[in-house]
Amino acid sequence: MFKGQPKGLYALALANTGERFGYYTMLAIFTLFLQAKFGFSASVTSNIFAGFLALVYFLPVLGGWLADKFGYGKMVTSGIIVMFLGYVFLAIPTGNNAGGVAAMVGALVMIALGTGLFKGNLQVMVGNLYDDPKYSAKRDTAFSIFYMAINIGALFAPTAAEKITEWYMGKANLSYNGDIPALAHQYLDGTLSGDALAKFTDLAAQQGAQYVNDLHAFANEYIDCLAGSYHWGFAVACVSLVISMLIYVFGRKTFKHADVNAKQAAVSGNKEAAVELTPAQTKSRVTALLLVFAVVIFFWMAFHQNGLTLTFFARDYTDTTANGLTRIGFDVINLVLIIVAVYALFSAVQSDKGRSKLTSFAVMVAALGLLAWKYVSMGDASIAILPQKFQQFNPFFVVALTPVSMAVFGALAKRGKEPSAPRKIGIGMFIAAVGFSIMALGSIGLPIPDDLSSVTTDYRVTPNLLIGTYLVLTFAELFLSPMGISFVSKVAPPKYKGLMMGGWFAATAIGNYMVAIIGMLWGGLPLWVLWAILIGLCLLSALFIFSIMKKLEAATNDA
């Protein structure tokens, strides 16, 4: 898996890990922040969230176009600086008035612009490392490793967000409760009455008996404190970007030769990088890429519900505590131990030397032993769960399952039966439909969101429903996302590499904006209907991509 890869891959991957840690820390709490601080409805929150994600993934088109003209490295460096400034402005506490909203929007635009300059161009340089015939056969493996590094950053982000929230609110002798922010805003707006008012009064009493006699003060204090904790969470991204920049600068010598666009290659006389295609070849490749882009729109529309409706589900419909074995997954250290055990097992199996096998086996046993000790030491006590914590399961599954997927694909390749990249994308769409089928089945009989404020019966479901969904969606992601990026880097005409990688992200942007459709429907419809919409779109996309498979595989073979 790691053997024989160029050193530049690891420098670029680690630089991306730092940036992604900050980004996903911010994303883990972003929708919660919008509703807690500003009191936005699910519909407004959905549009802001989707608009931001769309901008984040659309601006790589601009970043790719600029890089094709001025160079990839310059755009990556500029992107880190612009992102840093955006996160600084987002971390500065503001009021929850129009001025605060304007400041927040300005910060989001800067973060999106910086990401547009950084994200796609970093990945183009990864692809350029594998234009060398010495490494060309390792391209798909490289992007799986690169994608795994992204998710290492994302794995720790929810825990960072959770710990900051607990620390900041603890200073004010408050604790997080996902029901309070919406009720607090309704109380301040004068729209709270009946069972909902009684519920708010009871929740205030749980935070402190002194609050019952002044609910107005409690509502303001709780909103301000929770919003303040989120501002501190955004500040984490500033620190992570400094680390990312240091890794990029000090590792540059290992990938400097990959920081060459077609224009620069022509000037330097690098024939491999400056290769020209016929107009027919260019048209065939671009057409194939556009068809793939059209399909992945619907995957990202479904997948990125993790930051929106799946987070709403975690907050409003999922048990706020975990018991038994389920508790293991809500401690990131436990997840790291599982990852260590998985990689040690694969190392023991794949090592050629007996000493290496023995060492790997010992590491696996030690990791599992420590995991068992930590579990036993928990006793029978349940643990509290914050909704953003569920977002660590997707990156955990990506990191843990990457060697599994690569081993399967490697075994199939040896037998000459490995699916092509387009075929993997189609399979991924089918798997995504299965993931949302789990949600649909688990949501049958749950109250609609608009009725929650007056529901007093216990309706919350086991955390394992969301964990299982994230597991299946991660399988879909491993079939689709790293393979899609690899496909673009291989098939894109050399003089349009930056632009075509930007095109991949533009398709992602459209899908991300369409995330808001489900969020806007959140409220008056049964939950299973919302998940059924996503199931249908994933199945239709899969059928479409298999219907054009011959054209896609022809372009792949020509590259």
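How do α2 and α18 run relative to each other, roughly parallel or roughly antiparallel?

A: Before we dig in, this is a predicted model, where local features need pLDDT of at least 70 and side-chain atom pairs count only at pLDDT 80 or more, while totals for chains, interfaces and linings use all residues. Residues are numbered from 1 along each chain as its sequence is written, and side-chain values use heavy atoms, leaving out hydrogens and water.

Now to your pair: α2 and α18 are roughly antiparallel to each other. (Angles over 145 degrees count as roughly antiparallel, under 35 as roughly parallel, 65 to 115 as roughly perpendicular, and the rest as oblique.) Here the angle is about 175 degrees and the axes are 7 Å apart, with α18 covering residues 497–521. Axes are lines fitted to C-alpha atoms, for helices over the stretch in contact, with angles from 0 to 180 degrees between N-to-C directions. The helices themselves are DSSP runs (H or I, at least four residues), numbered from the N terminus.

Who touches whom? On the α2 side, the contact includes Ala42, Phe49, Ala50, Leu53 and Phe58, and on the α18 side it includes Phe505, Ala509, Tyr513, Ala516 and Met520. Contact here means heavy atoms within 4.5 Å. Sorted by class, the residues of this contact come out as 14 nonpolar, 8 polar and no charged. For the sorting, Ala, Val, Leu, Ile, Met, Phe, Trp, Tyr, Cys and Pro are nonpolar, Asp, Glu, Lys and Arg are charged, and the others, Gly among them, are polar.

α2 (residues 42–58) has another partner, α5 (residues 98–129), packing at about 30 degrees with the axes 7 Å apart. These two are therefore roughly parallel to each other. Their crossing is right-handed, meaning that the near helix is turned clockwise from the far one by less than a right angle. From α2, Ile48, Phe52, Leu55, Val56 and Tyr57 meet Leu108, Val109, Ile111, Ala112, Thr115, Gly116 and Lys119 of α5. That contact holds 9 nonpolar, 2 polar and 1 charged residues. Tyr57 is listed in the contact with α5, and Tyr57 is also listed in the contact with α18.

Past α5, in the loop between α5 and α6 (139–171), you'll find Asp132. At 33% relative accessibility, Asp132 counts as partly exposed; buried is under 20% relative accessible area, exposed over 50%, and partly exposed in between (1.4 Å probe, protein chains only). From Asp132 to Thr508, 376 residues apart along the chain, the C-alpha atoms are separated by 28 Å. Thr508 is one of the α18 residues in the contact with α2.
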